Amino acid sequence: MSGGGGGPIVVTRGLTKQYGRVVAVRDVDLDVGAGDRYGLLGPNGSGKTTLVRMLLGLVFATSGRIEVMGRPIPRRTGEVLPLVGAMVEGPGAYGHLSGRANLALLDASGPGRGSRRTRRRRVDEALERVGLGGVDDRPVKAYSLGMRQRLGLAAALLHAPRLLILDEPTNGLDPRGIREVRDLLRALNEDGTTILLCSHLLGEVEELCTRVGVMDRGRLVLQRDMADVRAPTGRVEVRTPDAARVVALLDGRVEHRDGDRLLVRAADAAELNARLVAGGLRVTEIRPQRHTLEEVVLSLTGASADRFDRPAEGA
Ligand SMILES: Nc1ncnc2c1ncn2[C@@H]1O[C@H](COP(=O)(O)OP(=O)(O)OP(=O)(O)O)[C@@H](O)[C@H]1O
C-alpha cells in the first residue's frame, strides 16, 4: 500500500460506515504519508469527522480496513494512540479548572512518565507552543472559543506525537489566531510530525496542506499532492495590447481570447515571451496557467464553492 509523501502513516481500504440508512463514509481509500500535511476537505456532513473517528478507534467501521503506522485499527488501537495527538471531539476540558490544571490531569493519565518537574515542564511547553504560555489561572469556562481551541491543541501536543489528527483546528479563532495555528502546524511538521486535519475551508487547506483529500457525500472524490494540483496546465496566460496580431502569429495555439487576455497552448512561458517580442508584439503580463484547488474541487463535485462554507442540504 503506498502512502502520500514518505512511508504510509494512515492507510484505509474500502472503508465504509453506515448509520442505519445513512452511509456516512463510503468505500474510502485514504493514503497519508509520513511528513504530509494532509487536508481532508469537504462540506459539513460529508463524512470527515466519522472518517477520522474511525482512524482513532472511536467509531467502528461497517466494513473495510484501517492501518495507522502499520498497525490494524481497531485491533491494535492501544499501541497507536500513545503516538497520536488528536483533537476531534471538540476541545473538551473541565470548565471549573484552569487550562494548566486540565493539561496536568491529562498528562498524569497519559503514557509519559517522569518526575513532577518533568511533567510540569511538559505542560508549560505545550501551553507555550499554542500561545497560552502567559495564561493566568482563570477557569476554562471563562475562556473564549479561541482559547479553548488552543488548549485542545496543547493537549494534543503533550506527548510529542508522530501524527496529529485535528478536526477543524482553526474553528473559533480570529485571523491572527488562525495564522498562529497555521505557523505552529508548519513548525511541528518541519520537526517531523505528520498532520491530518479536517476542514470545510478551501483556503485553509490550500494555504497549509501538502496533500489534499476531498470528501463529497461520504466518498473521497479526490486525493492528490498539492504540488500536482497546482502544476502548470500546459497553457500560458498572456496579456497584450496586440491581441489580434498575437492570435495571427500563433496560428491556432490561442485557445481563448477575452479582450487583451489570451490563453495560449505552450509549455514554456519564457520561450513564448521571446517569440512574441521577437515578432514585435508587446506583452503586458505573461505566466504559466495553474489551477487553483477551488477550480479542481468544483470540476469534481460540480457544486458551488458555497457548499464549503455552509451545511449541505439533505446530507
Ligand atoms: N452517530 C451518528 N448517528 C447517525 N448518523 C450520524 C452519526 N454521526 C454522523 N452521522 C451522519 O453521517 C454523515 C456524516 O457526518 P460527519 O459528522 O462525519 O460529517 P462531517 O463532514 O464531519 O461534517 P461536520 O463538519 O458537520 O462534522 C451525516 O449525514 C451525519 O448526519
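These are my notebook entries on a predicted model.

**Ground rules.** I count residues from 1 along each chain, as its sequence is written. Because the model is predicted, I take local features only at pLDDT of at least 70 and side-chain atom pairs only at pLDDT 80 or more, while totals for chains, interfaces and linings use all residues.

**Domains.** I looked up the domain assignment, whose bounds come from an automatic or database source. It gives domain 1 as 8-229 and domain 2 as 233-290. I noted 45 Å between the C-alpha centres of domain 1 and domain 2.

**Ligand shell.** I went to the ligand next. There are 13 residues around the ligand, and Tyr19, Ala24, Asn44, Thr49 and Thr50 come nearest. Near here means that the C-beta atom, placed from the backbone, lies within 6 Å of the molecule. Which elements supply at least two residues of the shell each? I found strand E2 (22-28) and helix H1 (48-55). H1 gives the most, with 3 residues. Helices (H or I, at least four residues) and strands (E, at least two) are DSSP runs, numbered from the N terminus. I then sorted the shell by class: 4 residues are nonpolar, 8 polar and 1 charged. In this scheme Ala, Val, Leu, Ile, Met, Phe, Trp, Tyr, Cys and Pro are nonpolar, Asp, Glu, Lys and Arg are charged, and the others, Gly among them, are polar.

**H3 against H5.** I checked helix H3 (residues 99-109) against helix H5 (residues 145-157). They pack at an angle of about 25°, with axes 10 Å apart. That makes H3 roughly parallel to H5. Axes are lines fitted to C-alpha atoms, for helices over the stretch in contact, and angles run from 0 to 180 degrees between N-to-C directions. Under 35 degrees counts as roughly parallel, over 145 as roughly antiparallel, 65 to 115 as roughly perpendicular, and the rest as oblique. H3 brings Gly99, Asn102, Leu103 and Leu106 to the contact, and H5 brings Leu151, Ala154 and Ala155. Contact means C-beta atoms, placed from the backbone, within 7 Å. I sorted the contact of H3 with H5 into 5 nonpolar, 2 polar and no charged residues.

**H3 against H4.** I repeated this for helix H4 (residues 116-129). H3 and H4 pack at an angle of about 125°, with their axes 10 Å apart. They are therefore oblique to each other. From H3, Gly99, Arg100, Leu103, Ala104 and Asp107 meet Arg119, Arg122, Val123, Ala126 and Leu127 of H4. The contact of H3 with H4 holds 5 nonpolar, 1 polar and 4 charged residues.

**Backbone checks.** Is the peptide bond from Ile73 to Pro74 cis or trans? I read it as cis, with omega near 10°. Pro74 lies in the loop between strand E6 (71-73) and helix H2 (77-80). I also flagged Asp27, which has a positive phi of about 55° although it is not a glycine. Asp27 lies in strand E2.

Conventions: Two residues are in contact if their C-beta atoms, placed from the backbone, lie within 7 Å.
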